[in-house]
Amino acid sequence: MKGQAENEGEGSKGVNLEELKNKMADFAEERDWDQFHTPRNLLLALVGEVGELSEIFQWKGEVPRGLPDWEEKEKQHLGEELSDVLLYLVRLSDICGIDLGKAALRKLELNAIKYPTTLCKGSSKKLALLNKSTTTTSTNNNFYISSDNENGATDGGE
């Protein structure tokens, strides 16, 4: 996040999810928009913003980290669209009564269990493929690795 600090100036503090949640709630209340901020409406707005974010990368192929070949105007536009996605996600989680920070930390813990480094390190294979390629049975030392999912299907990274 060094680049972020450079953009904001030295000594600036990071923004936390609680602050964003409160600012979004105030923003909506000041405009009397709470009546429109239903989970469904916010989700659809979020999906629309993800589409706008996707358009920025459409037809560019793979781009290197840090976007060294992008003009500043393109990076600013990207920042605006990323912000739209984040703000709708924060608002949706608030309206649904989900503590997004706690949920994200819990999800990271679950993913660490689901995708152990001994099984996944250096591989981009889906979990079902990893499990199939590493399923081993040994009668000598009772060693067995198998899929958490009985049918071998993945949950799409959820």
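Reader: In what order do the elements run from the N terminus on?
Author: This is a predicted model. From the N terminus, the order is α-α-α-α-α-α-α-β-β. That comes to seven helices and two strands.

Reader: How much of the protein is buried?
Author: Buried residues account for 16% of the 158 residues. The accessible surface is about 12,300 Å², and carbon and sulfur atoms hold 54% of that surface.

Reader: Which residues make up the largest nonpolar core?
Author: There are nine: L42, L46, L53, I56, L67, W70, L78, V85 and L92. Two elements, α3 and α4 (72–95), each give two or more residues to this core. The largest share, four residues, is from α3.

Reader: What does L53 touch, leaving out residues up to four places away in sequence?
Author: L53 touches L78, E81, L82 and V85. Of these, L78 and V85 are also members of the core.

Reader: Changing topic. Where does A45 lie?
Author: A45 is in helix α3, which covers residues 39–57.

Reader: Why is A45 called partly exposed?
Author: Its relative accessible area is 23%. Buried means under 20% and exposed means over 50%, so A45 falls in between.

Reader: And how far apart are A45 and L89?
Author: They are 44 residues apart in sequence, and their C-alpha atoms are 9.6 Å apart in space.

Reader: What share of contacts join residues at least 24 apart?
Author: Among contacts between residues at least 6 apart in sequence, the share is 58%.

Methods:
Residues numbered from 1 in each chain as written. Predicted model: local features only at pLDDT ≥ 70, side-chain atom pairs only at ≥ 80, totals over all residues. Heavy atoms only, no water. Buried < 20%, exposed > 50% of the residue type's maximum accessible area, 1.4 Å probe, protein only. Core = buried A, V, L, I, M, F, W, Y, C linked by side-chain atoms within 4.5 Å. Contact = heavy atoms within 4.5 Å. Areas by Shrake-Rupley, 256 points an atom, 1.4 Å probe, with all protein chains shown as cover.
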